[in-house]
Amino acid sequence: MADAPVHLFGIRHHGPGSARSLRAALERLAPDVVLVEGPPDADELLPGAGHAGLEPPVAILVYAPDTPRHATFYPFARYSPEWVAIRYALERGVPVRFMDLPFAHRPVEADDVPAAEADAPAAEGAGGDPAPGDARPGGSQGPAAGAGPDGPDEPGEAGEAGDAEGADGPGDDGALAGDPLGALARAAGFSDGERWWHHVVEGRRGDDALVFAAVAEAMTALRETPARVPAEEARREARREAFMRKTIRAALKEGFQRVAVVCGAYHVPALAAPTARGVASADAETLADLPRTKTAAVWVPWTYGRLATASGYGAGVPSPAWYDLLWADREGAPVAFAVAAARLLRAEDLDASSAHVIETVRLAEALAALRGYGAVGLDELLDATRSVLCGGDAAPMALVHRRLVVGERLGGVPDDAPTSPLQRDLAAQQKRLRLPASAVEKVHDLDLRQPNDLARSHLLHRLRLLDVPWGEPAGPGAGKGTFHEVWKLVWKPEFALPLVEAGRYGNTIADAAAAVAAERAGSADGLAALTAMLERALLADLPVAVEALVAAVHRRAAVGADAAQLMAALPPLVQVIRYGDVRKTPVTGVDAVVDAMVARIAVGLPSASLSLDDDAAAAMFEHLVATDRALALLARADHLEAWRGALLRVVDLPGVHGVVAGRAFRLLLDAKAFGRDETDRRLRFALSSGVEPAEAGAFLEGLLADSGLLLVHDTALWGHVDAWLADLSPEAFVVALPLLRRTLATFTSAERRQLGDRATRGGPAAGGPRRPGEHDFDEARAARVLPVLATILGVTLPTEARS
């Protein structure tokens with residue numbers, strides 16, 4: 001093989017041991033061309049890998065401009081063998097090319113356009129076998145979900161035929177059923193293929209020249225075992241390997257004498273004889289009639305969290321940050337890990353001395369010796385760290401795992417790297433606003449009175465309109481009024497995809513967000529959705545969109561006669577009016593819309609409250625609460641007067657569902673619309689024996705839901721409820737019990753405990769409502785303290801008080 005023109009190097013994607021062996025092999029071989037398993041669609045990006053500003057982890061995003069959600073990521077760490085091969089070639093001026101089946105030949109599925117795909121695909125190619133699919137943000141498995149390290153070739157598939165790269169560890173073979181390396185691992189006494197591969201290849205010591213021959217021999221044996229796979233998966237895999245062989249033959253035809261082929265280990269046997277008789281014609285037949293799609297490719301930052309197997313990435317590794325330490329200094333990695341763990345714990349105010357570090361390393365070395373390993377591995381380090389540095393505590397150990405085993409490193413892409421207009425605009429705004437992206441969650445308390453913080457808020461809200469949730473609102477600043485917003489920011493690599501997709505709406509974040517708001521407003525299926533979009537446009541400072549949305553709301557409200565819809569739409573508009581000045585966003589015209597809506601709600605509420613079933617009554621309950629809160633926030637006397645008049649008509653109207661009537665009565669009580677006598681009269685009427693128990697129970701549910709303290713502190717109300725319950729017959733009590741239990745379930749445990757204590761004590765209130773002048777205390781006992789109180793205050797008691 002030494003004199004053969006084609007040299008195959010089977011690797012494990014993102015394996016530092018494979019990368020180190022590959023670098024040594026390339027140095028010995030000195031190839032005149034390097035072929036790397038990856039998407040030829042991205043060949044034009046390869047020179048950028050030598051840019052000093054391109055800092056792994058990074059990924060190549062390949063997508064179809066016409067259907068951007070038909071896309072895939074190809075991630076690299078600095079210890080990925082493919083990255084090492086590319087950098088080797090660039091540093092020595094050797095031609096380097098990708099050789100896998102182009103993404104342009106992957107069929108665009110019907111579900112590539114909708115916005116959901118848990119099987120976001122293939123972060124493999126450049127870092128493994130490219131399994132294209134829909135690399136969609138929001139998918140439950142992240143950007144490279146698959147059955148094995150290479151992920152599925154198509155969205156929704158369980159795996160890719162033959163895509164196991166044997167060396168990729170357990171579960172990476174889509175063609176072989178189950179775990180192709182599991183048998184080898186078990187024969188060697190390991191619990192799983194990942195551990196076996198690490199100790200045999202990634203963590204090995206000795207002659208690197210023997211590795212690739214041994215891997216090729218093992219993969220050949222594995223591929224001799226037939227595997228049962230779906231025909232479509234086998235066809236996809238055959239096309240991939242046929243295209244790889246075609247690329248190798250093309251390199252030989254160009255006259256290259258030493259062709260280095262870097263591919264997933266499982267493919268090595270299939271690529272061993274690309275020029276054998278009949279292979280070229282068979283490959284041509286296999287590659288006939290392939291679909292073709294226009295594609296584009298860009299560099300995007302990646303994170304170690306997304307390289308981890310736990311993220312769902314098929315070609316992932318269990319410990320990206322630990323592999324980074326192994327790559328930087330294989331011999332010193334255990335000590336570096338222990339030192340980093342101690343620093344991390346000390347930063348959290350936990351004890352971690354130099355003595356702890358020394359004992360951690362000693363224990364790890366002893367464990368490795370006891371287990372028969374030639375060097376300390378991650379398992380030994382974690383066991384030692386848990387025992388010595390963490391004292392057996394799971395909480396600090398979880399921190400160590402998150403920071404030092406998986407890692408939180410975010411890569412970087414230079415400003416002049418090929419990218420989409422929206423990505424460039426976002427990078428410019430992040431720099432201008434001093435808001436860098438980070439894979440570590442950070443909390444930002446924005447003071448909207450400061451221009452820079454206000455601009456940050458606008459940017460974050462605009463990105464959310466583009467389905468890029470870089471920031472998640474964490475609520476208003478505690479005790480800081482309406483001028484503050486609190487955001488939790490964490491950047492995820494897959495955010496690059498919706499940015500690419502949103503490029504069709506505009507070349508800047510602001511233009512694209514405004515266009516998206518207008519599009520969604522046009523398709524809004526109700527007034528509430530329209531006003532919610534208006535609120536989001538206001539928060540994002542999109543004045544043109546706000547103006548158009550206000551006009552649309554005005555038109556829709558003028559013809560919408562449903563009071564429930566108007567009530568659902570009102571709170572966002574009130575937010576617009578209330579906080580528009582804070583954000584310096586003009587809201588001209590919204591006042592008139594709100595005036596008209598309040599008037600129509602006041603007229604239509606009574607009739608909308610009639611003939612409601614339980615579900616509709618529950619929805620109306622929520623509308624009443626939200627509308628009352630919104631109008632109280634707006635605090636306009638004419639609106640409150642009209643609203644409370646409508647509530648009073650609802651309370652007095654026969655045929656209103658008890659839950660609705662009870663909540664309307666409660667809102668009027670909170671507004672002090674009734675005196676004590678009128679309140680008692682209405683309560684006696686609502687809970688009289690002539691009212692059906694179920695209806696009275698529903699009234700109490702509407703009155704008291706989420707308001708246990710009202711019953712605790714309002715003695716008169718307690719008396720009315722107690723009297724009503726005492727008068728119920730056993731049969732009526734059974735009817736009312738479910739409603740009462742549902743109401744009590746909305747109280748806090750402390751409120752229920754207070755009510756139970758009060759019921760146990762009994763007292764005057766237990767017999768019914770008090771008569772005027774009746775008190776809940778013992779006057780004789782109270783009189784005993786009056787002389788002492790008079791002495792303290794320096795006053796003289798009246799004669800009748802002294803007696």
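Okay, let's start with charge pairs: a search of the whole structure turns up 35 salt bridges, where a salt bridge is a side-chain nitrogen of Lys or Arg within 4 Å of a carboxyl oxygen of Asp or Glu. Before I go on, this is a predicted model, so local features need pLDDT of at least 70, side-chain atom pairs count only at pLDDT 80 or more, and totals for chains, interfaces and linings use all residues. Residues are numbered from 1 along each chain as its sequence is written, and side-chain values use heavy atoms, with hydrogens and water left out.

Now, the pair I'd show you is Arg306 with Glu494, whose closest N and O atoms are 2.3 Å apart. This one links distant parts of the chain, 188 residues apart: Arg306 sits in helix α8 (residues 304-307), and Glu494 in the loop between β10 (484-489) and α16 (496-501). Helices and strands here are DSSP runs numbered from the N terminus, H or I with at least four residues for helices, E with at least two for strands. So are the two partners buried or exposed? Arg306 counts as buried at 16% relative accessibility, and Glu494 is buried too, at 5%. For the cut-offs, buried means under 20% relative accessible area, exposed over 50%, and partly exposed in between, with a 1.4 Å probe and protein chains only.

Next up, Glu380 and Arg371 form a salt bridge, with the closest N and O atoms 2.9 Å apart. Glu380 is buried at 1%, whereas Arg371 is partly exposed at 37%. Then there's Arg403 with Glu408, at 3.0 Å from N to O. Arg403 is partly exposed at 30%, and Glu408 is partly exposed at 25%. Elsewhere, salt bridges that share partners tie Glu27, Arg87, Glu91 and Arg92 into one network.

On to helix packing. Helix α4 (residues 193-202) and helix α9 (residues 320-328) have axes that come within 14 Å and cross at roughly 10 degrees. That makes α4 roughly parallel to α9. The axes are lines fitted to C-alpha atoms, for helices over the stretch in contact, and the angles run from 0 to 180 degrees between N-to-C directions. Under 35 degrees counts as roughly parallel, over 145 as roughly antiparallel, 65 to 115 as roughly perpendicular, and the rest as oblique. Which residues meet there? From α4 you have Glu194, His198 and Glu202, and from α9 Trp322, Tyr323 and Leu326. Contact, by the way, means heavy atoms within 4.5 Å.

Have a look at Val656 as well, in the loop between α23 (637-652) and α24 (658-670). Val656 counts as buried, at 8% relative accessibility. Leaving aside neighbours within four places in sequence, Val656 is in contact with Ser609, Leu610, Val650 and Ala661.

Val785, Leu786, Val788, Leu789, Ile792, Leu793 and Val795 make a nonpolar patch of about 650 Å². Patches take residues with over 30% relative accessible area and no salt bridge, joining like charges within 9 Å and nonpolar side chains (Val, Leu, Ile, Met, Phe, Trp, Tyr) within 5 Å. Leu789 lies in helix α32 (residues 786-793) and is partly exposed at 41%.

And the overall picture: the protein chain has 33 helices and 10 strands, and 51% of its 803 residues count as buried.

How values were computed. Accessible areas come from the Shrake-Rupley method with a 1.4 Å probe; for residues, only the protein chains shown count as cover.
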